[in-house]
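Colleague: I'm new to this one. Could you take me through a single part of it, up close?

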Amino acid sequence: DPAHAQAQPVDLALVLAVDASSSVSTEEFDLQILGLAAAFRDPMVIEAIHAAGDLGIAVSLMQWSDSRKQMVAVGWTAVRDEATARALADAIEATPRFLIGGGTAIGGALAYAMRQFDDNGFEGRRKVIDISGDGRTNQGPQPADMRDIAVGIGITINGLAILNEDPTIDSYYYANVIGGTGAFVITAN
């Protein structure tokens with residue numbers, strides 16, 4: 001089909017899924033956004049992008065809360081070098097909080113994130129969703145069901161668990177959210 005014929009191959013297509021649900025304070029939202037922006041300015045991350053292959057990566061950032069509230073905040077962006085990584089970092093840092101309030105629908109966020117890989121102008125050799133959050137699903141589809149679908153179609157899900165109200169959220173992410181080749185959970189306090 002013509003849409004896929006024109007898709008630009010990249011070594012990695014990455015969806016960054018940022019929690020904006022009711023449990024996420026302004027400080028926690030800023031932690032997520034500023035942390036992601038800082039990552040794309042980090043020389044080690046820029047080196048990792050080079051090491052991933054010659055095609056570069058494509059990154060999109062979405063915000064999510066309940067199963068009716070998800071949106072793309074930074075559209076698909078090609079990152080190949082320090083200049084494009086810094087431009088993405090600036091775009092992420094400038095992103096306002098579009099969603100305020102709502103339940104925590106990790107499964108809904110994963111379903112929305114999976115759809116972002118379709119007809120986005122890029123064809124990732126690897127497809128990864130990095131989802132951050134501070135709470136357990138309390139609304140919408142179960143994250144384990146969405147994880148299993150994602151892994152079944154070759155998407156890896158990593159988690160960034162924000163330890164605050166729930167000090168065991170990392171265990172929940174290990175059991176219910178992450179999956180696929182090399183999947184991991186990183187915690188943030």
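Modeller: Let's go to the largest nonpolar core, which has 30 residues; Met62, Ile106, Ile129, Ile131 and Tyr173 touch the most other members. A nonpolar core here is a set of buried Ala, Val, Leu, Ile, Met, Phe, Trp, Tyr and Cys residues joined through side-chain atoms within 4.5 Å, and buried means under 20% relative accessible area, with exposed over 50% and partly exposed in between (1.4 Å probe, protein chains only). This is a predicted model, where local features need pLDDT of at least 70, side-chain atom pairs count only at pLDDT 80 or more, and totals for chains, interfaces and linings use all residues. Residues are numbered from 1 along each chain as its sequence is written, and side-chain values use heavy atoms, leaving out hydrogens and water.

At least two core residues come from each of β1 (8-19), β2 (57-64), α5 (106-115), β4 (122-133), α6 (143-152), β5 (155-162) and α7 (169-176). Helices (H or I, at least four residues) and strands (E, at least two) are DSSP runs, numbered from the N terminus. With seven residues, α5 gives the most to this core.

Now look at β5: seven of its eight residues are buried. β5 pairs with β4 in the parallel sense over seven bridges; two strands pair if DSSP finds at least two bridges between them. In that pairing, Gly133 has Ala161 of β5 as its bridge partner. β5 also pairs in the parallel sense with β6 (residues 185-188), over four bridges, and there Ala161 partners Thr187.
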